Amino acid sequence: NLNLYTTYGVLCPYLYLRVAAVLRTQGLDESRIVNARNNNGCASIQGFPSSRPTRVEYKIYLQLTPSEWGALAGALRSSAVTVDDGHVMCGSTLYFQEYDTGANTLPPLTPAVQPQWLSHAKGSNVCYTNAYTRIRNA
């Protein structure tokens, strides 16, 4: 049931709340999340309807200095809580990219690199297999 509607209505709000919480742990305000009102917490949502299974790309943009980004990115990559509380779907890839260039600032998190967080086999523990599943730690 992954599609543009569930991304807008479920996944974007959860990811926004998780990123905002991590920002606060770094002493930063959630106003650093840019264009969050555009798509219910995301700055952009794009679907790839011709792909099977359905693929949806959704992004959150942050306005941070390089040192702030270094601290935040480390926090986002350090724990399965980002995937779990962020309601990330199993099989997903998480990219950490510069806004202007799209260049990766850190290696992406993939099911191959982090199977304990993102593989379908772990769907009942960390990542999600159903977009409507209630967040486990709520």
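Q: What lies 2.8 Å from a polar atom of the side chain of threonine 7?
A: The backbone oxygen of asparagine 3 lies at that distance from the threonine 7 side chain in this predicted model. A polar contact needs N or O atoms within 3.5 Å, and 2.8 Å is the value here.

Q: Why is threonine 7 called buried?
A: Buried means under 20% relative accessible area, and threonine 7 has 0%, so the word applies. Threonine 7 sits in helix 1, residues 4–25. Leaving aside residues up to four places away in sequence, threonine 7 touches Leu2, Cys12, Pro13, Ile45, Val56 and Tyr58.

Q: What makes cysteine 12 and cysteine 42 a disulfide?
A: The cut-off for the two sulfur atoms is 2.5 Å, and those of cysteine 12 and cysteine 42 are 2.0 Å apart.

Q: Why is the disulfide of cysteine 12 and cysteine 42 given a handedness, and which one?
A: The torsion about its S-S bond is about -105°, so this disulfide is left-handed. The pair links distant parts of the chain, 30 residues apart: cysteine 12 is in helix 1, while cysteine 42 is in the loop between strand 1 and strand 2. Both of these cysteines are buried.

Q: How do you know which way the disulfide of cysteine 90 and cysteine 127 is handed?
A: Here the S-S torsion is about 95°, so the disulfide is right-handed. Cysteine 90 lies in the loop between helix 3 and strand 5, and cysteine 127 in the segment after helix 4, so the pair ties together parts that are 37 residues apart in sequence. The sulfur atoms of cysteine 90 and cysteine 127 are 2.0 Å apart. A search of the whole structure finds two disulfides, and with the bonded cysteines numbered in sequence order the pairing is 1-2, 3-4.

Q: Which residues touch the most other members of the largest nonpolar core?
A: They are Ile33, Tyr58, Val83 and Leu118, out of 31 residues in that core. Helix 1 gives the largest share, nine residues. As for isoleucine 33, its contacts include Tyr16, Val19 and Leu62.

Q: Are tyrosine 61 and tyrosine 99 buried, partly exposed or exposed, and how do you know?
A: Tyrosine 61 has 21% relative accessibility, so it counts as partly exposed. Exposed means over 50%, and tyrosine 99 is exposed at 60%.

Q: Why does phenylalanine 96 count as buried?
A: The cut-off is under 20%, and phenylalanine 96 has 7% relative accessibility, so it counts as buried. Tryptophan 69, at 22%, is partly exposed.

Q: Which residue is the bridge partner of phenylalanine 96 in strand 6?
A: The partner is leucine 106. Strand 5 and strand 6 pair in the antiparallel sense over three bridges, and they form a hairpin with six residues between them.

Methods:
Residues are numbered from 1 along each chain as its sequence is written. This is a predicted model: local features need pLDDT of at least 70, side-chain atom pairs count only at pLDDT 80 or more; totals for chains, interfaces and linings use all residues. Side-chain values use heavy atoms; hydrogens and water are left out. Helices (H or I, at least four residues) and strands (E, at least two) are DSSP runs, numbered from the N terminus. Buried means under 20% relative accessible area, exposed over 50%, partly exposed in between (1.4 Å probe, protein chains only). A polar contact is a pair of N or O atoms within 3.5 Å; within protein, one must be able to donate a hydrogen and the other to accept it, and residues adjacent in sequence count only if both atoms are side-chain atoms. Contact means heavy atoms within 4.5 Å. Two strands pair if DSSP finds at least two bridges between them. A nonpolar core is a set of buried Ala, Val, Leu, Ile, Met, Phe, Trp, Tyr and Cys residues joined through side-chain atoms within 4.5 Å.
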